[in-house]
Amino acid sequence: DTSKRFKSNGGCPSIQCLVNREVLCQEPAQGVTTAAHRVEKRGATPCLFGQGGTCCRNCNMGPCQIIEGVEEMIGICGATASTVAARNFARIVAAGTASHSDHARETVLAFIATAKGETPYEIKDTLKLRRMAAWLGIDPAEKDIQQLALEVGETALAEFGKQEGSLHFIRRAPQKRQEIWQELGVVPRGIDREVVETMHRTHMGVDQDFRHIFRQAARCALADGWGGSMLATELQDIMFGTPVPIRTVVNLGVLKEDMVNITVHGHEPVLAEALAMAAQDPEIIAEAKKVGAKGINLAGICCTGNEILMRRGIPIAGSFVQQEIALTTGAVEAMVVDVQCVMQSLPEIARCFHTEVITTSDRAEIVGATHVPFDHHRALEVAKDIVRRAIARFPKRGKVYIPKAKMDVVAGFSHETILYIQGGRFRASYKPLNDNIINGRILGVAAIVGCDNFRIQDEVHVELAKELIANNVLVLTTGCAATGLGRAGLLSPEAAELAGEGLREVLEAVGCPPVLHMGSCVDNSRILIAATEMVRTGGLGEDISDLPAIGCAPQWMSEKAIAIGQYFVASGASVVFGPTFPTTKSQEATDHLFKEMEEIYGARWFLAKEAKDFASIMIDQIRQKRKALGLDK
Ligand code: SF4
Ligand code: MSK
């Protein structure tokens, strides 16, 4: 009956990524409908009001589709295009902030339980624990590790519900930036408060000055970057280890024909860490052998994948656009998901195979999936249960097609690692990087972050990264963009040969890839800290907005990407997004983000469509910053 369900999927989709197409055109995948097919059928033109941010459905007098400059085309309540676009934008930021921060909340709760000795995890990075304690205003003196961890966890938890004052990590930003935030009144008070207030202020009939709404969007986004995301990154590092350079592999070819394949998908590393422990348990391996498998092969998808790739070197099978394709290999016994970026189509696809889709977070269930609730107190027990379910599926495997494609990568470039490789244990500093920017060997730094997207089939990330490194721009990357760049071989030290002469010299001296994988979506907070360290080191101005640095998300899909973009811009780093942008149907609102923000925050949003446009904006911006610093004429 599964073949009936999927009998007319239109055949082999004409997607550009060759490995994905290769799998979708093989026998096991035949008749299975994926997003690649749906995009083809649906066409590329969505509703322009929705896409450009001027459709309001915030009350039941609407939906109102608004045309800027046409008097009779304002909302029934009188709302103008700029107000509606700003409200919609702010709500996207709130959703993105909520997602990263709810992830952080889970991390903090697991951290507290770990400090109490109630989980199988440990406090691994005690140095970072002490550093974070100091940032959180806790005196680490005369406290044992568990006691200190408990205090850190409880202080971190209080950051969510704080109503007044400011988030602790705000103090980590350059002094000048903090002053700008103070003056503008955008210092986030508490993480949850900023999300709630943004939702309230964008309700019908509340905040109706678009500039005022955008200001709250900045405050909310800062609660993400310097709040939720940063807490998630730092506490995960303390609990699971701060990433160090690690060699591993990416792409669908990491699935193994002779092993029980379990893919872990979503964003939170707590379950994936427990699964990694369970997969190494000799008893579990013996059970896998009993059913004819050689063992358990864990592989990542999306950012849960990035979390365990960064810390454990566990391979990544695929990025966001490859989640369904991984199932169509017929080789996956279980796809274990937690939260965010998980497609509802997965259980339907799994029904064509022997695969079980297992949801684990009590915040996220999917019809057709099995729900195995995860509880960090029983982490190992739950993980073993899940692995055993996968083992039981192995003998039911049908036809399998695993592509050969896989690529070696070096990941694990936490801010601490970047610091360390520049001077070893005793002389760790950003000075060598700053010096190489000052002497012109490195033109500047660019971040390529965010999702991949079914509507954009070109390898924009790859073309863009190649252009940037050829122009001596060092590239940092996170999220699914990192996986795509890994697939293309740009995360290996050998790719240094594609870099311009100056950058290549620097990379060869330290044995680094030209594109540094800094982690998952929440780990964009590592980029904020790296930028701050560059400022503190000296020679490149007094604020993040002075640095010859810029970010981009050329294939963004998730609301989280907009929250990330807004916190980068509010922190002084311009960003380029595309190929569409959610305010373009209001010129006034777009002008605020694309022009006025530069006057206010020293950074702005840009829009680009193709890789060459992204590259030219980014290189041009870096050159302008260099000029302003007096580094170039
Ligand atoms: Fe229309 Fe105003 Fe209601 Fe929005 S809030 S749907 S613009 S009446
Ligand atoms: S997983 S948010 S598709 S990067 Fe972080 Fe990938 Fe974007 Fe999800």
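**Before starting.** The structure is a predicted model, in which local features need pLDDT of at least 70 and side-chain atom pairs count only at pLDDT 80 or more, while totals for chains, interfaces and linings use all residues. Residues are numbered from 1 along each chain as its sequence is written, chains are lettered from A and ligands numbered from 1 in the order in which they are written, and side-chain values use heavy atoms, with hydrogens and water left out.

**Stop 1: the whole chain.** The secondary structure comprises 26 helices and 16 strands; helices (H or I, at least four residues) and strands (E, at least two) are DSSP runs, numbered from the N terminus. The C-alpha trace spans about 65 × 65 × 50 Å along its principal axes. Of the 633 residues, 60% count as buried. Here buried means under 20% relative accessible area, exposed over 50%, and partly exposed in between (1.4 Å probe, protein chains only).

**Stop 2: the domains.** Colour domain 1 (2-6 + 13-39 + 252-396), domain 2 (55-240) and domain 3 (411-554 + 608-628) separately; these bounds come from an automatic or database domain assignment. The C-alpha centres of domain 1 and domain 3 lie 31 Å apart. Between these two domains, 22 residues of domain 1 are in contact with 22 residues of domain 3, where contact means heavy atoms within 4.5 Å.

**Stop 3: helix 9.** Select residues 191-201, the helix that holds Glu197. Is Glu197 buried or exposed? At 15% relative accessibility, Glu197 counts as buried. Glu194 belongs to helix 9 as well, and Glu194 is buried with a relative accessibility of 0%. Now show the partners of each residue, leaving out those up to four places away in sequence. Glu197 touches Arg189, Gln216 and Arg219. Glu194 touches Val187, Pro188, Arg189, Gln216, Arg219, Cys220 and Ala223.

**Stop 4: Ile544.** Move to the loop between helix 23 (524-537) and strand 14 (549-553), where Ile544 is placed. Ile544 has a relative accessible area of 5%, so the residue is buried. Which residues are in contact with Ile544, aside from its neighbours within four places in sequence? They are Pro174, Trp226, Leu528, Ala531, Thr532, Val535, Ser571, Gly572 and Ala573. Pro174 is 370 residues away along the chain, yet the C-alpha atoms of Ile544 and Pro174 are separated by 7.4 Å.

**Stop 5: backbone details.** Most residues other than glycine have a negative phi, and most peptide bonds are trans. Select Gly62 and Pro63, which are joined by a cis peptide bond with omega of about 0°. Pro63 lies in the loop between strand 1 (55-56) and strand 2 (64-65). Next, select Gly578 and Pro579, where the peptide bond is cis, with omega near 0°. Finally, visit two residues that are not glycine. Glu142 has a positive phi of about 55° and is exposed, with a relative accessible area of 84%. Asn251 has a positive phi of about 110° and counts as buried at 6% relative accessibility.
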